[in-house]
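Morning, everyone. I'll keep this brief. Please have a look at the structure first.

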Amino acid sequence: MKRAVKLLASLLVTFLFMWWAFRDTDWATQLASLKSANYAWLVPYFGCLLAIHLFRTLRWGCLLSGLEHVPFRKLNEASGIGFMMLLVLPFRLGEFARPFLIAQRSGIRRSAAMTSVVLERIVDGLFVALMLRVLLFFVPTETPEIRYVKLGSWLMFAVFGGGLAFLLFGLWQQQRTVNLVRATVGRLAPPVADKVADIVDTFVGAMRQLPKGRQIALFFLYTALYWGVNGAGMSLLANAFDCSGAAPGTVCEPMDLTLFQAYVVLGVLVVGLMIPAAPGMMGTFQAATKVGLSLFLPAAAVNASGLAYANVMWLCQTVQQVGLGLILLSMGHLSFKDIAGKLDDKDGEAAAPSA
């Protein structure tokens, strides 16, 4: 029943954002953009997506190295399947998949692995928020959508900056932090106060085992490469929708996305994807991309080639993540249903793999 309610709620979010994104769509022109697109640009874009997966996997390994050196094969398997589950499970429940999978393939506890995932999210959030704030200084202020984007970047910075500040305070004053959480949560939800306090205590304790020196430097290098390739790939894919392949007499609204504009759209997209949605992040993905493109392109181009571009980009990312996850599932003789059913299992934190 809980999962059914979550799924229905996520589908409602998706429906609302899909309606907003496509309410002004010129369907005939969008179809013309899809027909005339140069899909040869998908080849380098898929290359970028594979590079993104590699950098995400390697940087996760850097964080885990303070606990245990995990061979790349096992790390890649947990990473690829975990990212697939993050995409297909609603409300980002797939975030728990990577810690579960790496605990099966190593001696790392799930709680410690979850700490690394949370730290990844905090670093990514701060990185994108800062990048977006800097880039927005060079975007024309008369753009109507700019105020919403600025608000979103500030909210993003506040959320992830607050999370980082809390973790740093916990490292400095662990027991005081645990007591503060127990007292605060105890006022709001007394039955779960001790449980939440224990989680925070375990979480902060795991942070003390994070690597230092070279591995942390590599972690930030891979983070910069991950986001750098992400924006470059978005700029590359936009070349497919310049209408150069449109038949004579066909109405086609061309679009062009510079590298600078691609990074702004990427930042807006990340802010939009913070909103929990249905499996596949459909709806929020298209809506956020539309808002980002609206900062640079006229409405006619956004509602035609722009949304065609958003849909193709969403499909490429979905195919890459799900396809790679399914391949790794098959190679490891694993079951998606079994993994999804065990994500809430608190026993066997570091259970050995059956194979």
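I'll go through the cores, then one alanine, then the record's annotation.

Ground rules. This is a predicted model: local features need pLDDT of at least 70, side-chain atom pairs count only at pLDDT 80 or more, and totals for chains, interfaces and linings use all residues. Numbering runs from 1 along each chain as its sequence is written, and side-chain values use heavy atoms, with hydrogens and water left out.

Cores now. A nonpolar core is a set of buried Ala, Val, Leu, Ile, Met, Phe, Trp, Tyr and Cys residues joined through side-chain atoms within 4.5 Å. Buried means under 20% relative accessible area (1.4 Å probe, protein chains only). The largest core here has 68 residues. Phe241, Leu293, Tyr309 and Met313 make the most contacts inside it. Helix 6, residues 110-136, gives the largest share, 10 residues. Helices are DSSP runs of H or I, at least four residues, numbered from the N terminus.

Apart from that core lies another, of 25 residues, including Ala78 and Ala113.

So what does Ala113 touch, leaving aside neighbours within four places in sequence? Trp60, Leu64, Pro99, Ile102 and Ile108. Contact means heavy atoms within 4.5 Å. Ala113 is in helix 6. Its relative accessible area is 0%, so Ala113 counts as buried.

Last, the record. An unreviewed UniProt entry annotates "transmembrane region" at spans including 39-55 and 151-172. Such annotations may be inferred rather than shown by experiment. In the model, residues 39-55 are 82% helix, with end C-alpha atoms 25 Å apart. Residues 151-172 are 100% helix, with ends 31 Å apart.

Technical notes
Buried < 20%, exposed > 50% of the residue type's maximum accessible area, 1.4 Å probe, protein only. Helix = DSSP H or I, 4+ residues; strand = E, 2+ residues; numbered from the N terminus.
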